[in-house]
Amino acid sequence: MNKKEKVTFVIKTLQDLYPEIPIPLDHKDPYTLLVAVLLSAQSTDVRVNKITPLLFEKADNPYDMVKLTVEEIKDIIRPVGLSPMKSKGIHGLSKILIEEHNGKVPMDLEALERLPAVGHKTASVVISQAFGIPAFPVDTHIHRLMYRWGFTNGKNVMQTEKDAKRLFPKELWNDLHLQIIWYGREYSPARAWDLEKDIITNQIGRKTVINDYYKK
């Protein structure tokens with residue numbers, strides 16, 4: 001297969017496997033999604049989904065969140081890890097949303113990236129999943145699979161994002177972002193990887209990756 005055929009194969013396979021794509025993080029609006037994505041850094045979606053109901057019971061909007069102290073937020077979110085940084089970020093961004101955005105999450109990537117503790121990936125997830133604006137956030141699953149499939153050199157996530165945006169049609173970015181995450185978890189994990197079950201990598205994978213697999 002040439003690269004164009006490989007891209008077509010990936011899109012069709014993912015659409016067949018995931019015709020409906022659930023968003024992994026539980027939320028009810030852009031603000032709760034923003035907080036949940038921030039909390040998910042170096043944690044798991046399962047753990048975050050256990051903690052966010054406890055936090056959102058006390059504050060599910062920026063106006064209530066700023067009424068809590070940073071210490072109160074930190075005590076609630078401690079199980080997700082990095083709680084000192086994340087609690088300051090949640091409190092700080094809530095204050096800025098009130099002061100600069102009328103309590104609303106902005107539909108703008110650069111404005112989101114200016115918020116405390118909000119990086120490019122978090123901002124991209126929010127604009128794609130909360131507002132439907134095309135973006136291609138790259139997490140560890142997407143970074144790993146794009147390399148295994150021979151679509152990027154794997155040097156860094158920013159390069160992987162550029163390669164993904166160049167290869168895949170813009171109107172599919174938001175769906176593909178989630179489809180690749182689910183595929184990575186179910187068929188092509190970092191650990192306990194079974195190439196025989198990994199439909200896509202088995203068909204189009206980078207030769208060095210497949211050779212390394214069989215050398216184990």
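I began with Lys28, which counts as exposed because its relative accessibility is 58% (buried is under 20% relative accessible area, exposed over 50%, partly exposed in between, with a 1.4 Å probe and protein chains only). This is a predicted model, where local features need pLDDT of at least 70, side-chain atom pairs count only at pLDDT 80 or more, and totals for chains, interfaces and linings use all residues. Residues are numbered from 1 along each chain as its sequence is written, and side-chain values use heavy atoms, leaving out hydrogens and water.

Which residue does Lys28 form a salt bridge with? I found Asp60, with the closest N and O atoms 2.4 Å apart (a salt bridge is a side-chain nitrogen of Lys or Arg within 4 Å of a carboxyl oxygen of Asp or Glu). Asp60 is partly exposed, at 21% relative accessibility.

Next I looked up Arg185, which forms a salt bridge with Asp45. Arg185 lies in helix α11 and Asp45 in helix α3, so the pair ties together parts 140 residues apart in sequence (helices are DSSP runs of H or I, at least four residues, numbered from the N terminus). Asp45 is buried at 16%, while Arg185 is partly exposed at 33%.

Then I turned to helix α5, where Ile73, Lys74, Ile76 and Ile77 are buried. Lys74 also forms a salt bridge with Glu71, at 3.1 Å between the closest N and O atoms.

Last, I checked Leu55: it touches residues including Ile73, Ile76 and Ile77 (contact means heavy atoms within 4.5 Å).

Conventions. Helices (H or I, at least four residues) and strands (E, at least two) are DSSP runs, numbered from the N terminus. Lists of a residue's contacts leave out its neighbours within four places in sequence.
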